[in-house]
Amino acid sequence: MNVGAEIQQAFVVCISAVFTQNILLAYFLGLCPFIGVSREIKTAFGLGLAVIFVLTATVMLNWLAYRYVLEPLGLEFFRFILFIIIIAAFVQFTEMAIERFSPFLYQKLGVFLPLITVNCAILGASLFMVIRNYSFIVTIGWGLGSGTGWFLAIMAMAGIRQRLAHERIPRGLQGPGITLIIAGLMALAFIGFTGVLQGR
Amino acid sequence: MKLLLRVVEKIRPHFEEGGKFHAFLPVYDAIEHFLFAPGTITTTAPHVRDPIDLKRFMSMVIVALLPCVATGIYFFGLRFIALIVVSYAAGLSVEALFSIVRKEPINEGFFVTGFLFPLIMPPAVPLWMVALGVAFGVVIGKELFGGTGRNLFNPALVGRCFLALAYPVQMSGSWLKPGAGVAGRLLQYVDGSNVDAVTSATPLALAKGGEYVSLSHMFVGSVSGSVGETSALAILAGGMFLLLTRVANWRTVASILISFTALAAMLHHAQPDRFGPALWHLCAGGLLFGAFFMATDPVTGPITSGGKWLYGALIGVVTVLIRNFTGYVEGVTFAILLGNIFAPILDEMVFALRLRRLKVEG
Amino acid sequence: MKLRGGYNIFLQGRPGSTIKAMPEPKTLYLPLSSKRFRFSAIHVADGQDVALGDVLATDPNNYDVPLLAPRAGSVRLGQVEDTVVLENIAKSQEYADTNGRMEEVQHVERTFGAAGAQRRRLMMLGAWQFLHEAHSGRLPDPLGTPQAVLVSTLSLEPFTARGDVQLQARLLNFTRGLEHLQSLLEYQPIYFVLPDIKSEFASIVRNHIRGYASVKMVELPLTYPYDDFAVLARSLGLSSGNGPVWALRTEGVLAVDRALTAGKPCVTRIISIGGTGVVSPGHLRVVSGYPLKCITDKHVFEPHPRIINGGIMTGEAFGPGALGIDTECRGITVLPELQEREFLGFMRPGSERSSYWPCFLSSMVQRFAERLTTAMRGERRPCISCNACEEVCPAGISPHLIHKYLYRDLVEEAAAARVDLCVECGLCSYVCPSKIDLRAQFVEAKNGIAREKAEMLETKARQESTEEVNA
């Protein structure tokens, strides 16, 4: 395909990944840090940006690895392991950068920063990229869109939880319980987008 | 009246601490305060208070909904009254249960929700579904978050969204043909069993196939659809009343209508055969009803004025997108729920700006 | 001038313009605590005979502002709690001997100059207490330099003493007082706030003070609480960081004139008596310490009244032990307590109820014949963020937001949302449909924050002094 059409498809894929195929609210990937870090807007903002960065970069790296290492060697089945290794290495690099540039954020995120490695949204995005056979340019759009969709979801959740803090929620549901219910209601609302700019 | 007051006060001890029915104190309180204004007095400055109270506030909404109720009964028959009764019964029992467990008074917010919910249901929907929807909406949409004043999502819309996604067949197959003539369906009780009256062709569904019902019909309301949303005339009358009494904030309404009309007009101008005219879309479906009555709920919307403008714009734009680009015929439910989700973040943005301004002052 | 919010409550009971002189009392009860002052240092002994204008007590925390004897009589301490009782009020009024104080005044004049001497005289003759520091509300330092002076003839809170009534037949005194104020300052502006710049009153004042004082006239819309000093100072752009702003009302200017022109102590006050519990609301000429019972016996015929020191929005009800009027009293408001509960109260069309919300028939008919009582008029409910409090707030803050923070004990967030800007006008509590007591919550929060700040400063000062000792 020529570059122009690819860029257009990348654009469509990006927008659809934010709303229609929101990797968190439609595919339910990446719920663990979503529930764990969404208590305050500041930390959610930091983590969301980190995830956008990591997701986009790793999905690009993984595409290159898949195309230029695994395919020629015929080791496509090896992608699970190779992708995780690449993601882990990249997250380590990101962790060092955050520790250097924003120690406050590093302390606030705590264990959830290295846990980005096992955030299934990141691995899932790369695997989707393989299944749907995206070209490189479309992959960039897909990565940006998925990351932004995840970021949007966690920001909305943080705003909601900050408004809800200290309300009289039934004791059994406080914390993760009510968060999951809110996530379910958010997913219910996002179902409305099904079909908008369906990017395939 | 003095006699009634004396009777009410005489049975009060039964509901106080140590009385037999102490657990039912919220129910007694609700009935007592419905009948008689409370006797509490001010203790500190200011020593007088405005005559408004929350009951009056909610009563304004109910009065504003009466034109829609009238047209609903006229076009769709007495079954609507059954819907209202079931909605209140189911909802009030859930509310009372939570109030009794929490030992708190029953809040007036439910009277509006219970009235709104049947208005957004298809007229021939099975009654058990109404009860289920209201219960779901009140429990999941309101009580679990802490009750009136603390919920995030509009409970009526949560219930409707749940029903639309869990029982799509019954929800889309329960539309009725509107009554006609002088009496309309005022004396009829029509439900799903009457095959002649049932139709699945709402104006928006027909529009997907390229057929546009005439604008005059849609303005008066003689089209099929949810009970309260068909008549633009009735909604505008009630909505104006709500705006005049300042119970609904005009910014939200204005923002929704303007953003919706602007985007719909742009799309229609770009591809006239694919997208319907903006004015037609305005009267079609639940947009007007949602704009005046559901999006203006003060608890679930943003609390800042700037936030309200953004909120309205979000709802208007998303409704147009969902109506025209997805397989769903009606997008207002999802749009308002999405607005509710993003309202806290919109508020945070406006507050951050305002605090920066206040830092300099004083 | 940037003015926000504000609302005028329509009610019966506005004090008329007649001033009635009350009969001379036999005993006077002078409270030692009032809104701003706590006269803890007592200078007289039990049984001592005092003359008119003698210093009975001073407040050490407020620059030793004195409590003057309004009449000559004999002092009784300890008879009533926290009150100085003056018995055997003499028929002939002898003024206190001020000659002994002339040396003191000369000493002050030598040290502080003529202006300083004037201010000392104001303090000794009981006129300084009428001044307020606009931003904090406290008594300004008599030796300080203000950045500006605000003079307001408006008194918009129902039902405090009206400025236009106090000016009756006292126009000359008023303009003389303005001139005296000008002489206390060097170049700082005097802002004169009045309802209509083009009125006859304004032109008379302008003619009288031409050449003697330069006064900037500011026109103000007659909406409560635009006459509040903090609101005025902020809207005129006088920030608290540039120095104190002195503010006084009509009675203050008249007191300045009395002290500096006539050299007599200011002990007579004109207070209003108004409200829906009074048959003929008007003004009274009394002295501080006047027994409350005499006033209520003559004017209040309500079987169950609530008698309030001040206006209906910011006043405090007189406690059961309050026997006399304190030195800062500006009016007495009487409201009937709620007696009957209406049947189906919330459903009535309400053609006689005036409300901030246009939800009653009265907003179309504009008839407000209601007799206000102390009723709460609704049940206490959670906040629904209807935004009425924010619309009506003159300080520009968001009361419902602060309420939600305080409800969850997030005091720091409330301080960040500038609860300190609250002027305590009471309008937010008035309009709230959920009947939340916002004003009381904010006053409590502000006191708590001020206390914490004071404690922090104290611990810091102590730390620094121990460091100095160790070093």
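Reply:

Strands E16 and E17 of chain C form a hairpin with 6 residues between them, and in the turn C:Gly310 has a positive phi of about 120°. This is a predicted model, in which local features need pLDDT of at least 70 and side-chain atom pairs count only at pLDDT 80 or more, whereas totals for chains, interfaces and linings use all residues. Residues are numbered from 1 along each chain as its sequence is written, while chains are lettered from A and ligands numbered from 1 in the order in which they are written.

Strands (E, at least two residues) and helices (H or I, at least four) are DSSP runs numbered from the N terminus, and two strands pair if DSSP finds at least two bridges between them.

Is E16(C) enclosed by the rest of the structure or left open? Of the 5 residues of strand E16 (residues 305–309) of chain C, 4 are buried, so the strand is largely enclosed by the rest of the structure. A residue is buried if 20 or more other C-beta atoms, placed from the backbone, lie within 10 Å of its own, exposed if 12 or fewer do, and partly exposed in between.

Elsewhere in chain C, three strands form an open sheet in the order E3-E5-E6, and their pairing is antiparallel. Strand E3 (41–42) and strand E6 (65–68) of chain C stand at the edges with a single partner strand each, so one side of each has no neighbour in the sheet. E3(C) is joined to strand E5 (residues 55–59) of chain C by 2 bridges, and these strands run antiparallel. C:Ile42, for its part, has C:Ala57 in E5(C) as its bridge partner. A domain assignment (automatic or from a database) divides chain C into domain 1 (129–264) and domain 2 (378–471), and the C-alpha centres of these two domains of chain C lie 29 Å apart.

Chain C also touches chain B, in a contact that takes 41 residues from chain B and 56 residues from chain C; two residues are in contact if their C-beta atoms, placed from the backbone, lie within 7 Å. On the side of chain B that touches chain C, helix H2 (25–35), helix H3 (54–76) and helix H16 (332–360) of chain B each supply at least two residues, and H3(B) gives the most to that side, with 6 residues.

Chain B itself has 16 helices and 2 strands, and buried residues make up 54% of its 362 residues. Chain B is divided into domain 1 (10–37 + 52–219) and domain 2 (248–355), whose centres, taken over C-alpha atoms, are separated by 23 Å. Between these domains of chain B, 23 residues of domain 1 are in contact with 19 residues of domain 2.

The largest nonpolar core has 157 residues, and those with the most contacts inside it are A:Ala153, A:Ile154, A:Ala156 and A:Met186. Such a core is a set of buried Ala, Val, Leu, Ile, Met, Phe, Trp, Tyr and Cys residues joined through C-beta atoms within 7 Å. Helix H7 (residues 136–164) of chain A provides the largest share of this core, 14 residues. Both domain 1 (10–37 + 52–219) and domain 2 (248–355) of chain B give residues to this core, so it lies between them. Leaving aside neighbours within four places in sequence, A:Ala156 is in contact with A:Met186, B:Ile341, B:Phe342 and B:Ile345.

Finally, the contact between chains A and B takes 26 residues from chain A and 25 residues from chain B. H7 and helix H8 (176–190) of chain A each supply at least two residues of the side of chain A that touches chain B, and the largest share of that side, 7 residues, comes from H7(A).
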